Amino acid sequence: MARIAFIGLGNMGGGMAANLAKKGHDVRAFDLSAEALERAKAAGCLPVDSATAACDGAEAVITMLPAGKHVEGVYGDAILASAPASAILIDCSTIDVATAKRVAEGAMARGFAAVDAPVSGGIAAAAAGTLTFMAGGSAEAFERAQPFLADMGKAVIHAGANGAGQAAKVCNNMLLGATMIATCEAFLLARKLGLDPQKFFDIASVSSGQSWSMTSYAPLPGVGPETPADHDYQGGFATALMLKDLKLAAEAAADVGADTPMGARAADLYQKFADAGQGGTDFSGIIRMLDS
Ligand code: NAD
């Protein structure tokens with residue numbers, strides 16, 4: 001079992017740190033929020049009063065922070081100065097590809113092994129230890145990060161070099177955002193054409209229109225498996241987070257000169273939904289806006 005620094009104990013990091021403690025690791029946990037620290041303590045972690053203290057003697061340093069500026073800040077202010085050079089640095093936050101590469105390069109220049117390892121799966125998967133990790137870094141760094149990630153998830157995939165984890169994440173979520181909107185449109189059109197939505201689900205789920213948005217996350221209540229639609233679009237994956245990921249995808253596309261018209265349209269529509277006060281609503285709730 002290892003000594004692990006865990007920085008960022010929010011909706012996702014709280015559950016992830018708890019799972020590491022459950023596996024028997026010595027988890028030194030830090031967050032700016034006193035409440036988050038209390039929850040981590042109750043979950044078997046040792047709360048500490050700074051990121052620097054968390055890194056002291058750590059074999060692995062895991063961050064789960066809101067955005068690139070937070071990750072860059074914590075790496076610059078604390079991790080690179082206080083973690084042992086033998087520690088493996090693992091950033092699980094969803095951040096822009098350019099910052100992920102810059103952070104990893106800075107860490108490697110100081111002799112650290114570093115990976116970006118963003119996740120697929122929401123708060124429930126973080127708590128249950130069933131996240132999917134997509135990791136970017138050298139083969140050696142990935143091999144060192146893999147056992148820690150496996151203790152928090154059901155799948156750990158090496159995506160490629162540093163930044164490749166974030167690249168996979170934004171491409172996946174751009175696909176998800178666009179297919180969800182297309183799925184909503186198809187359900188609404190099917191209904192207007194007189195089709196029973198459940199019948200349409202039964203057909204599309206086993207036909208060429210099938211996707212995760214259709215089969216596992218059908219956006220109409222009472223159709224398909226239980227989804228946030230059955231709970232008034234509460235819980236699940238917030239529109240604000242989908243919008244964040246679509247913006248990261250747009251930034252990444254602009255950086256490499258890629259044309260992503262469907263991703264851009266999805267971002268416009270989610271922006272409109274968020275502007276209507278629905279940023280906290282599950283992203284499949286956009287069906288209500290499309291229906292109005
Ligand atoms: P959150 O806002 O609930 O948690 C972030 C935590 O980081 C907060 O507790 C905050 O106090 C802490 N923090 C911020 N700056 C800090 C600092 N300098 N030092 C220490 N702690 C600091 O966010 P979340 O939902 O847990 O998401 C975390 C990351 O995971 C984000 O990058 C998000 O995009 C990604 N993600 C979230 C979900 C989801 O469903 N919530 C799913 C996949 C990926």
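A residue is termed buried if 20 or more other C-beta atoms lie within 10 Å of its own, exposed if 12 or fewer do, and partly exposed in between, with C-beta atoms placed from the backbone. Helices (H or I, at least four residues) and strands (E, at least two) are DSSP runs, numbered from the N terminus. The structure described here is a predicted model, in which local features need pLDDT of at least 70 and side-chain atom pairs count only at pLDDT 80 or more, whereas totals for chains, interfaces and linings use all residues. Residues are numbered from 1 along each chain as its sequence is written.

The chain is divided into domain 1 (3-160) and domain 2 (167-290), with bounds that come from an automatic or database domain assignment. The centres of domain 1 and domain 2, taken over C-alpha atoms, are separated by 29 Å. Nine residues from domain 1 and eleven residues from domain 2 take part in the contact between them, two residues being in contact if their C-beta atoms, placed from the backbone, lie within 7 Å. On the side of domain 1 that touches domain 2, five residues are nonpolar, three are polar and one is charged. In this division Ala, Val, Leu, Ile, Met, Phe, Trp, Tyr, Cys and Pro count as nonpolar, Asp, Glu, Lys and Arg as charged, and the others, Gly among them, as polar.

Two UniProt annotations apply to the chain. In an unreviewed entry, residues 3-160 carry the UniProt annotation "domain: 6-phosphogluconate dehydrogenase NADP-binding". This span is 44% helix and 25% strand, and the end C-alpha atoms of residues 3-160 lie 27 Å apart. The UniProt annotation "domain: 3-hydroxyisobutyrate dehydrogenase-like NAD-binding", also from an unreviewed entry, covers residues 163-290. Residues 163-290 are 64% helix and 0% strand, with end C-alpha atoms 35 Å apart. UniProt positions are given in the numbering used here, feature names are shortened, and annotations may be inferred rather than shown by experiment.

Just after α2, a positive phi of about 100 degrees is found at G44.

Strand β2 includes F30, which counts as buried with 27 C-beta neighbours inside 10 Å. Residues up to four places away in sequence aside, F30 touches I7, V48, S50, A51 and A54. One of these, A51, is 21 residues from F30 in sequence and 5.8 Å from it in space, C-alpha to C-alpha.

In helix α9 (residues 197-204), the buried residues are F200, F201 and A204. Seen down the axis of α9, these residues fall within an arc of 105 degrees, so they line one face of the helix. The buried residues of α9 pack against α8 (164-192) and α10 (212-215).

The loop between α10 and α11 holds D232, a residue that is not a glycine but has a positive phi of about 55 degrees. In the loop between α10 and α11 there is also Y233, again not a glycine, with a positive phi of about 60 degrees. D232 is exposed, with 11 other C-beta atoms within 10 Å, whereas Y233 is buried, with 23. D275 and W212 are 63 residues apart in sequence and 26 Å apart in space, C-alpha to C-alpha.

The ligand is surrounded by 27 residues, of which G10, N11, M12, T94 and G122 are the closest; a residue is near a molecule or strand if its C-beta atom, placed from the backbone, lies within 6 Å of it. Two or more residues of the shell come from each of α4 (68-82) and α11 (239-256), and α4 gives the most, with three residues. The shell around the ligand comprises 15 nonpolar, ten polar and two charged residues. Both domain 1 (3-160) and domain 2 (167-290) contribute to this shell, with at least three residues from each.

Methods:
The arc is that of the directions from the helix axis to the C-beta atoms.
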